[in-house]
Amino acid sequence: MDLGELQKFVENLLSDNIVYAPMKKEAKVFVSPINNFAEIDWTSELPANSFKSVFLPPEEILWKNAGKKFKTAFASKKTIALAMNVLDLQAFTLFEHVFEKDIYYQRRRQNTFVVGFTAGLPDDFRKYKIFHADYEENVLEHLIFDIFIEKQKNGNFIFFSGSEKGQKLLEENNVKDYEHIEFAGLVPESGMNPRLIANRKAVELSFNDKLWDELAEICLACGKCSVVCPTCFCFNLEDDPQLNGVERKRQWTSCFYPEFSKICGNKKELAEVKKKLYFWYYHKFVRIPEELSYYGCVSCMRCFNVCPVGINIAANLQRLAKNQQK
Amino acid sequence: MKNNYAYELARVIKVVRENPITNTLHLKLANQKRFQFLPGQFVQIGIPGFGECPIAISSAPQDAGKFICLTIRGVGELTKKLLTLKAGDIAFVHGPYGNGYPAVEKNLILIAGGCGFIPLVSVYENNKNRKDIKIQILMGCRNENLLLFRKKMQQAQMKHDLNLILEETLSKSFAAQKGLITDLLKKNKLLANATVFVCGPPAMYPAVVKKLLELKVAPADIYLTLEKRMHCGVGICQHCAVGTKYVCKDGPIFSYEYLRTLSEYQY
Ligand code: SF4
Ligand code: SF4
């Protein structure tokens, strides 16, 4: 398929969906709602923000209540997450498992098409300086998507389907030439990625490592890193009283926020910044791998890019691994 | 697909005042006839507008088909509001959640500090008539006014080895000593071949566990109940994570065998 055909395909999608895609603004790329094909950035440069809010909005109403009446609120529009890079697809693949039994996530997902994109997978791994996994040939088999588009060196595009839904959408749009890839589970046949195991080992028993004290000295506990992180999904449930009843809302939160661990009597488990930082890394490198044998961090470095004091997760992991060997 | 965030209406059928800041609500749930739980499990109870919070069930599992009891101390906005509920009022409940206590196969030692007796009372009720095991209760409380479940305590004191220690003044109605819960551990000979269930404020755990280990109780025989902030109740929101597990779904009861592998619980 050439660029003109790709344009036709995308324009069809634009006609009756809300489409989110990477888009160049000033010097950076951002995931934004787009209105026409020309706005889309096809360089596979990592967007400054991720696709997270498409799948887990910063705030959503779960139910409304008035007296004894209880009304579930499911709101979602037909949406397309277009040209998702492989790292954001990995974060999305994680979400698919974390929210597997979450009715609000799943209802929204039913109305959402996920279309991945790469301009060359091995190149992406090099370009993104991936530290959470080694490159493996069959990357796509372990990612969840409906459609995946690969830009070839000659400028043409090849298509893959990853679900029945994706196949149907391709057929409806007269794309006949595509390969189907069956999702083969989170763990490759050869076993868990060795990097996943090594990173876990570096973090798991590191609480007494001096690194955490040093980071706690400079970290402002502002939580910017977790807001921007594509794999951070911690949330609060909050009640919002309205004139005609109460709305229960689900809202993003961050383990850096003061209320996160507060219990009765104003006691906080994560009172010290050191504990917050360790909790954050522990979730990504220990708890998620233990629960799902999958990555809790996808190497996007967005946390580093937004951190006002330059806390660098890749460098920190390296240091923990080195100290652990001592 | 089940909506994990939906609740059911529960009717308050009776309120018992335990102490000036604590009530026990007897509740009839919408699905009460089919309701079952294990001692140590909890439900989320709430009032729209005030959110919800986890509360351990303090009645006997045998009564689950008729009612459940929630013993609530009014310390926060929601719990204070829950104290205003009267018979006939409605509350919003979902659950039960959590793992509950493991089945008791040896002698049983219950160590409770402050409100800690709330989940343990259900274990006690479940095991009190057994002839094959001995039960020992060590209970610490600030003062007599804050004691809970007085009637049950009086019965327990007649039937089992119940030791009460108070931090402030002595009790008029109970045989009690003065001091801290750890003093009880020093003064009393613990039952041999026993499982120990400990429940109380987090600050109590290091001293109690250290003492138990000194007395050669195996980490696998010690169970602690953890309290954490909780939102979703199904192990997603991350507020209640403990190591690689969650208080809401893998807890609230954890063996010390597991906890001691985590840096924050190495006493
Ligand atoms: S962005 Fe940086 S300073 Fe802010 S909480 Fe994260 S690590 Fe700390
Ligand atoms: S690099 Fe940082 S922002 Fe990116 S996934 Fe890992 S922790 Fe999250």
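Predicted model: local features only at pLDDT ≥ 70, side-chain atom pairs only at ≥ 80, totals over all residues.
1. Buried means under 20% relative accessible area, exposed means over 50%, and partly exposed is anything in between (1.4 Å probe, protein chains only). A:Glu259 is partly exposed, with a relative accessible area of 40%. A:Glu259 sits in the loop between strand S11 (245-252) and strand S12 (262-263) of chain A; helices (H or I, at least four residues) and strands (E, at least two) are DSSP runs, numbered from the N terminus.

2. Residues are numbered from 1 along each chain as its sequence is written, chains are lettered from A and ligands numbered from 1 in the order in which they are written, and side-chain values use heavy atoms, without hydrogens and water.

3. The residues around ligand 1 (one of their heavy atoms lies within 4 Å of it) include A:Cys219, A:Cys222, A:Cys225 and A:Cys307. This shell divides into ten nonpolar residues, one polar and one charged; Ala, Val, Leu, Ile, Met, Phe, Trp, Tyr, Cys and Pro count as nonpolar, Asp, Glu, Lys and Arg as charged, and the others, Gly among them, as polar.

4. Around ligand 2 are residues including A:Cys229, A:Cys297, A:Cys300 and A:Cys303. The shell around ligand 2 has nine nonpolar residues, one polar and two charged. Helix H10 (273-292) and helix H11 (302-306) of chain A each supply at least two of its residues.

5. A:Met192 is partly exposed, at 34% relative accessible area, and lies in the loop between strand S9 (178-180) and helix H7 (194-204) of chain A.
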